[in-house]
Amino acid sequence: MATSQDNEGRVLEMRSIRKAYGPVRVLENVDLTLDRGEVRCLAGENGSGKSTLIKILSGVVTADAGSVSFAGRTLGADPVAAIDAGLSVIYQDFSLFPNLTVWENISFLSAVNRGDFVHRRLSRRGRAIETLKRMQVEIDPDMPVELLPVASKQLVAIARALANDARVIVMDEPTTALTRSEVAHLMEIVGALKKDGVAFLFVSHKIEEVFAVCDSITVLRDGRVVVEGPIGEFDSARLVEAMTGRSIDSQRLPREDMAEQTPFLVARGLGRRGEYADVDLELRPGEIVSVVGLLGSGRTELALSLFGYLAPDAGVLEVAGRPVSFRGQNDAMDAGIAYVPEDRLTEGLFLSQPIRDNIVVSTLDKNTRGFAINAKGLTQRAAAAVKRLRIKTPGVMPAVATLSGGNQQRVVLARWMERSPKLMILNGPTVGVDVGSKREIHELLVSLSRSGTAVMVVTDDISEAIALSDRILVMVRGRITGSFDARSVDEETLYEEVIKEDRA
Amino acid sequence: MDARQDTTKAYLQSLAVLTIAVFTAIALASPSFLSFNNLRSMGFQFPEFGLLALAVLPTMITGGIDLSVVSVANLASIIAAVILRAGPEVAWLAVPAALAVGLACGAFNGFLVAYLRLPPILATLGTMQLFGGIGIIITQGPAITGLPSWYTAYGSWSIGGYVPLPLAIFTVVALLLAFILRRTGMGIHARLYGSNQVAARFAGIREKRLIVRVYALAGLIAAIAGLVVLARVNSANADYGSSYLLLVILINILGGVNPAGGFGTVSGVVMAVVCLQFISSGLNILAFSAFTRDLFFGGLLVLVMSVRALTGSFSFGTLFRRKASTP
């Protein structure tokens with residue numbers, strides 16, 4: 001069991017790393033070290049240089065200056081050498097082969113196979129099972145990876161790294177797709193491996209989990225290390241301040257109270273077999289309602305049903321006092337409902353296309369006369385939206401992929417705000433968005449609601465629900481099990497409620 | 001995650017430079033290239049495959065493809081030929097009927113892709129055989145000849161003696177298509193749909209209607225190509241221009257269309273068509289054997305694709321699967 005200050009056990013040392021892309025300085029004199037058994041968090045907002053640093057570490061990108069050494073050996077920019085030296089980077093998509101089984105994924109990496117001319121199935125499978133056992137994880141080794149839940153895929157990715165004799169494991173946003181109990185499990189495993197001397201580097205901007213597991217923190221801002229040190233020296237306020245350069249309280253957003261209005265959307269006994277059941281819901285103009293639940297609680301399916309994307313098979317849905325049955329999302333849109341999907345990158349945005357088109361795609365009619373669209377009108381409207389939502393971009397024609405996460409999410413919001421919806425449903429509105437932008441998006445939603453839009457937020461982020469909502473509904477295993485006034489409820493109560501049946 | 005970047009503009013500029021360079025090189029090597037007769041004969045040659053290339057363009061922008069364009073063109077020209085031969089009193093129906101056939105064939109392709117969710121490459125490979133088969137049944141094999149001379153006269157007629165009619169038709173179709181792609185909801189939605197089908201659904205783009213329209217448009221343009229061929233060749237044949245299919249798809253690639261969807265312009269396709277016609281005529285005038293044409297075309301296309309693959313992200317993978325299921 002190595003202590004984190006043991007210089008003998010230094011496994012990774014990055015010194016004075018510099019990198020610029022053209023005139024843009026991405027990294028400036030960055031130092032980073034890892035000791036045996038150390039868990040370090042690399043924190044920073046989007047665009048602070050975290051990803052570039054990881055790419056330099058893994059040898060994919062060459063630094064302009066500085067050195068990277070593993071266990072005292074200096075390496076050039078060579079991914080294979082880095083892997084041989086015991087580095088393993090687990091990216092957000094895990095880079096697994098979905099059609100292969102768990103054990104095949106674990107044991108197929110080149111370094112494991114080195115020297116094998118013949119495929120020795122039994123010994124490989126045995127090795128994979130051994131690795132899973134070492135992690136104390138129970139996953140069927142013969143299951144194809146595509147059938148596994150996200151959390152298990154992550155564990156398979158870690159097992160693959162271990163089977164590959166990794167001594168340094170870098171995890172990029174390891175918990176984005178995980179629920180709280182899954183995160184806790186992951187952290188237990190990290191804790192156990194740490195005792196074996198495996199060092200971890202977490203790239204994250206979720207603050208709470210940083211405190212749970214890390215020994216030390218390095219905070220990057222604008223390509224520089226702004227602060228670095230053992231975890232004991234930080235509290236969450238100081239960390240947020242270091243990341244954003246300004247202090248932000250995570251308190252509930254201030255707002256005026258609104259008189260209760262007649263509901264815009266009412267659901268009675270709504271259900272969809274195998275996904276959710278008996279849902280009663282009232283969404284009113286001027287009110288923000290959060291639906292909080294774990295992944296798989298039916299929260300996303302419920303939201304998709306209100307948007308007409310999935311069809312409920314039980315219960316009634318009323319919009320503006322009239323019963324409706326949506327045949328598809330276009331019916332719901334015509335009724336004034338907007339939906340910001342869960343996964344911005346695959347469901348929300350046309351990444352390779354201009355910001356302008358991403359904003360106006362659902363409102364082309366506004367600038368259409370006869371057959372023809374007035375392109376200038378589109379551009380003006382998009383430019384106005386960019387300004388109103390303070391999207392940071394030099395213009396409206398660059399591809400939306402060039403924006404940071406927070407700005408991308410604002411593009412999706414702008415698209416729907418162009419339609420002046422009566423009900424806006426948002427699924428995980430701030431996933432993968434940095435702390436500063438998160439607050440601004442929350443403020444945006446509060447002002448949207450106060451201007452008379454009904455807002456429903458689906459999330460598993462309890463502090464987000466409290467900061468943002470007027471009313472919080474808890475969803476467990478497809479049923480709404482509790483309703484809370486966001487002004488009076490505290491995080492602990494909600495958390496207990498959310499995981500209630502998950503524990504049983 | 002899809003991180004394709006729009007390199008279209010830079011690419012179009014280099015394509016324009018290439019086209020001008022080819023033109024200048026051939027003109028310097030052989031002044032007769034610039035003769036009025038040669039220029040005019042080019043104006044009769046390229047519009048037919050140029051129109052077919054334009055027909056494929058909208059489908060490729062949506063991330064699909066239409067392999068049936070040549071079959072649709074032939075079927076449309078066979079229908080027109082049958083009606084033209086039926087007698088002067090129904091002859092006026094020939095053109096509208098041919099266009100309607102093209103539209104219907106295209107809409108059928110769109111139906112297969114949008115409603116049955118067949119991969120476009122397979123759906124249109126099937127209908128390529130199907131439409132070709134219908135054509136052969138109608139003609140019973142040999143070409144339909146003996147068309148009224150007033151119709152075939154259009155095939156060699158030049159407006160004012162200068163602008164060949166096929167070239168004029170090609171120009172008008174190109175302009176209209178450019179307008180549809182840039183300035184209508186259908187065009188903008190087609191491009192966005194091509195870049196991300198799932199996001200298109202969440203943004204409320206009416207996917208099925210869009211796809212049927214895009215393939216119907218492809219069928220319509222193919223039918224126009226068929227009418228041009230009918231007038232120029234003076235006969236309708238079920239297996240005319242079978243070598244055009246691959247040429248037409250490669251023109252789109254050369255024209256900067258991304259087969260994965262989301263990118264593609266009429267101006268790029270037009271430049272690619274013109275460039276290949278210059279090379280083809282140039283080889284002819286410089287007394288190269290006709291056999292060298294494929295060598296030059298193939299070499300150029302492989303070169304262009306290699307350069308694009310090295311400089312940008314360019315993939316053929318999506319042609320063979322539906323993107324929706326693999327975000």
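In chain A of this predicted model, strand β11 (residues 265-272) pairs with strand β14 (residues 314-319) in the antiparallel sense, over five bridges. Within that pairing, Leu265(A) has Val319(A) in β14(A) as its bridge partner. Strand β14(A) also pairs with strand β15 (residues 322-324) of chain A, again in the antiparallel sense and over three bridges. Here Pro323(A) in β15(A) is the bridge partner of Glu318(A). β14(A) and β15(A) form a hairpin with two residues between them. One residue in the turn, Ala320(A), has a positive phi of about 50 degrees. As background, strands of a sheet pair through backbone hydrogen bonds, either parallel or antiparallel.

Chain A also holds an open sheet of six strands. Its order is β6-β7-β8-β3-β9-β10 (chain A), and the pairing is mixed. The edges are taken by β6 (87-90) and β10 (224-230) of chain A, each with a single partner strand, so one side of each has no neighbour in the sheet. From one strand to the next the twist averages 15 degrees. A parallel pair in this sheet is formed by strand β3 (residues 39-43) and strand β9 (residues 216-221) of chain A, joined by four bridges. In that pair, Ala43(A) stands opposite Val219(A) in β9(A).

Two helices pack on the sheet. Helix α1 (residues 50-57) of chain A touches β3, β6, β7 (168-172), β8 (199-204) and β9 of chain A. The direction of α1(A) makes about 150 degrees with that of β7(A). Helix α6 (residues 150-163) of chain A packs on the sheet as well, touching β6 and β7 of chain A. The direction of α6(A) makes about 170 degrees with that of β6(A).

Val203(A) lies in strand β8 of chain A. Val203(A) counts as buried because it has 23 C-beta neighbours inside 10 Å, where the cut-off for a buried residue is 20 or more. Leaving aside residues up to four places away in sequence, Val203(A) touches Leu42(A), Lys50(A), Ile54(A), Met171(A), Asp172(A) and Glu173(A). Asp172(A) is 31 residues from Val203(A) in sequence, yet the two C-alpha atoms are 4.8 Å apart in space.

Taken as a whole, chain A has 19 helices and 22 strands. Its radius of gyration is 24 Å, close to the 23 Å that the globule rule gives for 504 residues, so chain A is as compact as a globular protein of that length. Along the principal axes, the C-alpha atoms of chain A fill a box of roughly 70 × 55 × 50 Å. Buried residues account for 47% of the 504 residues in chain A. Of the contacts in chain A between residues at least 6 apart in sequence, 69% join residues at least 24 apart.

Chain B has 13 helices and two strands. A compact globule of 327 residues would have a radius of gyration near 20 Å, and the 20 Å of chain B agrees with this. The C-alpha trace of chain B spans about 55 × 50 × 35 Å along its principal axes, and 48% of its 327 residues count as buried. Among contacts in chain B with a separation of 6 or more, 79% come from residues 24 or more positions apart.

Helix α7 (residues 165-183) of chain B has 19 residues, and its span from first C-alpha to last is 26 Å, close to the 27 Å expected at 1.5 Å a residue. The buried residues of α7(B) include Ile169(B), Phe170(B), Val173(B), Ala174(B), Leu177(B), Ile180(B) and Leu181(B). In general, an α-helix has 3.6 residues a turn, so residues three or four places apart point the same way. The buried residues of α7(B) pack against α2 (36-61), β1 (158-159), β2 (163-164), α8, α10 (207-233) and α12 (266-285) of chain B.

Technical notes. Residues numbered from 1 in each chain as written. Chains lettered and ligands numbered in written order. Predicted model: local features only at pLDDT ≥ 70, side-chain atom pairs only at ≥ 80, totals over all residues. Expected span 1.5 Å × (residues − 1). Buried ≥ 20, exposed ≤ 12 C-beta atoms within 10 Å, placed from the backbone. Contact = placed C-beta atoms within 7 Å. Rg over C-alpha atoms; globule rule 2.2 N^0.38 Å. Pairing = 2+ DSSP bridges. Axes fitted to C-alpha atoms, helices over the stretch in contact; angles between N-to-C directions.
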